[in-house]
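Q: Before we look at particular residues, could you walk me through how the features of a model like the one below are to be read?

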Amino acid sequence: MSAQTVHASEAGQPLLPRTQNAVAKALPPADRMEFYREMGEADETELLGVLRRWWLRARLYADPLSEETRAAAETGHAPGRSATALLREALAAREARGR
């Protein structure tokens, strides 16, 4: 008999086990039905990919800052610099090196 170990995350909370039952329990009801549908339709080569994708989504739901951060990003108020600004800076740096 074996058991999956659950290591604590950096925040001190246990990580979500990568099991079908743990992922389903962590999802909102509407997403849980979609998760079960995808798991049921997946063949043996797709099962781990489906479980991994939904596990990552469930981890995002468990993060108390994710909804706040997502909303900030959608409205353009997230901290940091935009991808456009970073690309502009990278292009300017490349041009400066080429001179």
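A: Helices and strands are DSSP runs, a helix needing at least four residues and a strand at least two, and both are numbered from the N terminus. In this predicted model, the protein has five helices and zero strands, so that reading along the sequence gives the pattern α-α-α-α-α.

Q: Which share of the 99 residues in the protein is buried?

A: A residue is called buried when its relative accessible area is under 20%, and exposed when that value is over 50%. Buried residues make up 18% of the 99 residues here, while the accessible surface of the protein comes to about 8,100 Å², with 56% of that area belonging to carbon and sulfur atoms.

Q: Why does Glu 38 count as buried?

A: The relative accessible area of Glu 38 is 17%, and because the limit for buried is under 20%, Glu 38 falls in that class. Glu 38 is found in helix H2, which covers residues 29-41, and, leaving aside residues up to four places away in sequence, Glu 38 touches Val 50, Arg 53 and Trp 54.

Q: Is Leu 48 buried or exposed?

A: Leu 48 has a relative accessibility of 59%, and therefore counts as exposed, the limit being over 50%.

Q: What percentage of contacts between residues at least 6 apart in sequence join residues at least 24 apart?

A: Among those contacts in the protein, 35% join residues at least 24 apart.

Notes: Residues are numbered from 1 along each chain as its sequence is written. This is a predicted model: local features need pLDDT of at least 70, side-chain atom pairs count only at pLDDT 80 or more; totals for chains, interfaces and linings use all residues. Side-chain values use heavy atoms; hydrogens and water are left out. Buried means under 20% relative accessible area, exposed over 50%, partly exposed in between (1.4 Å probe, protein chains only). Contact means heavy atoms within 4.5 Å. Accessible areas come from the Shrake-Rupley method with a 1.4 Å probe; for residues, only the protein chains shown count as cover.
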